[in-house]
Amino acid sequence: MAFEPPRRLVRALGETAPDGDAWLAELPELVRRAVAVRGLTVERVQVPGGRSSLVVLVRTADGTPAVLKLAPPRARPESERAALAHWDGRGAVQLLDGGPGEGVLLLERLHPDVSVRSLPEARALLEAAGTLRRLWVEPPAGHSFETVTGRTGRQAEAMRAGAAGDAEVAPLVAAALRAREDLLAAPPEQRLLHGTFRQSKVLAGDRLPWLAVGPDPVVGEVAFDLARLVRDRVEDLIASPSGAATTRRRVKRLAESLEVDQERLRGWTLFRAVESGVRARRVGRPKDAELLLEFAAWL
């Protein structure tokens, strides 16, 4: 199969994955092999696609529409496979090929161009939150998923390094790190979480109206998962004269609707926004960093 990897994927791997070039060089052969082994017919590469994986629209041998997803080891595709298998289609895209192999997943075909983000904002938040709630289940016994403590520990170290000598972001980083310490001191019930949930990760389906895709699963408290949803459409929030007030109302409404402690949600929203903002500065996305850090300052 001859193709050019989507620019979005190439750019994102260049920012975050030092081994991205090597995986991209192998990608055509990986696709060819995955298609041949499964007897698939390729329709097209999904563009713009994701930031950490290649998505190919295919049909199985019996003509069933499906999605072939390939991701480098850094994106933890086997962790995604395990989470999708555990959810078994409840709130998330169905895994069609249960066997591991070369970071390849064969998935139920959804409607890739129709996400919940296409809905009016209030309805989008409602539908996204309802989808997220269905994913919050007990993790499987003896699981090997990363924990919120472990993931945010790595992120905290990167934040400290990114803020060193930077007086502009140091106060926000210090506040975010304090919030993390307080939140981890007395964690509530642990659940399997999506890990990177936002409106664009919820696609229209045929089996159910909306289904989640693209998890980077982690085990921890549900407020951590919900925190990423709070800042959805951050560019609209920043552009609005009432953005700060809207953000605080959003925290309150989402916490109440999903029965999550409001202060814990606020704390994880602060940590995740600052972490993303500092990372955006580090990889050369100053506009994104500015939006995220201004949003964090409202919390």
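## Burial of glutamate 275

A residue is called buried when its relative accessible area is under 20%, and exposed when that area is over 50%. The model discussed here is predicted. Glutamate 275 has a relative accessibility of 9%, so it counts as buried.

This glutamate is part of helix α10, which covers residues 262-282. Leaving aside residues up to four places away in sequence, glutamate 275 touches Gln155 and Met159.

## The cavity

Rolling a probe the size of a water molecule over the atoms shows where empty space is left. The structure holds one cavity of 30 Å³ or more, and the volume of the largest cavity is about 30 Å³.

Glu275 is one of the residues that line the largest cavity, and the others are Gln155, Ala158, Met159, Val278, Arg279 and Arg282. Helices α5 (148-163) and α10 each give at least two residues to this lining. The biggest contribution is that of α10, with four residues. Sorted by class, the lining of the largest cavity has three nonpolar, one polar and three charged residues.

## The second largest pocket

The second largest pocket holds about 360 Å³ of space. Its lining is made up of 18 residues, and nearest the centre of the pocket are Glu121, Ala122, Leu125, Arg250 and Arg253. Two or more lining residues come from each of α4 (121-135), α8 (234-239) and α9 (243-257).

Helix α4 supplies the largest share of the lining of this pocket, seven residues. The lining of the second largest pocket comprises seven nonpolar, four polar and seven charged residues.

## Helix α11

Helix α11 runs over residues 286-297 and has 12 residues. From its first C-alpha to its last, α11 reaches 16 Å, close to the 16 Å expected at 1.5 Å a residue.

Which residues of α11 are buried? They are Ala289, Leu292, Leu293, Phe295 and Ala296. Viewed down the axis of α11, these buried residues fall within an arc of 155 degrees, so they line one face of the helix. Pro286, Lys287, Glu290 and Ala297, on the other side of α11, are exposed.

The buried residues of α11 pack against several helices: α6 (170-185), α7 (222-230), α8, α9 and α10.

Terms used: Residues are numbered from 1 along each chain as its sequence is written. This is a predicted model: local features need pLDDT of at least 70, side-chain atom pairs count only at pLDDT 80 or more; totals for chains, interfaces and linings use all residues. Side-chain values use heavy atoms; hydrogens and water are left out. Buried means under 20% relative accessible area, exposed over 50%, partly exposed in between (1.4 Å probe, protein chains only). Contact means heavy atoms within 4.5 Å. On a 1 Å grid over the protein atoms alone, a cavity is a set of points where a 1.4 Å probe fits but cannot get out, and a pocket is an open set with protein on both sides within 12 Å along at least five of seven lines; lining residues have an atom within 4 Å of a point. Grid points are joined across faces, edges and corners, and a volume is the space filled by probe spheres set on the points. Ala, Val, Leu, Ile, Met, Phe, Trp, Tyr, Cys and Pro count as nonpolar, Asp, Glu, Lys and Arg as charged, and the others, Gly among them, as polar. The expected span of a helix is 1.5 Å times one less than its number of residues. The arc is that of the directions from the helix axis to the C-beta atoms.
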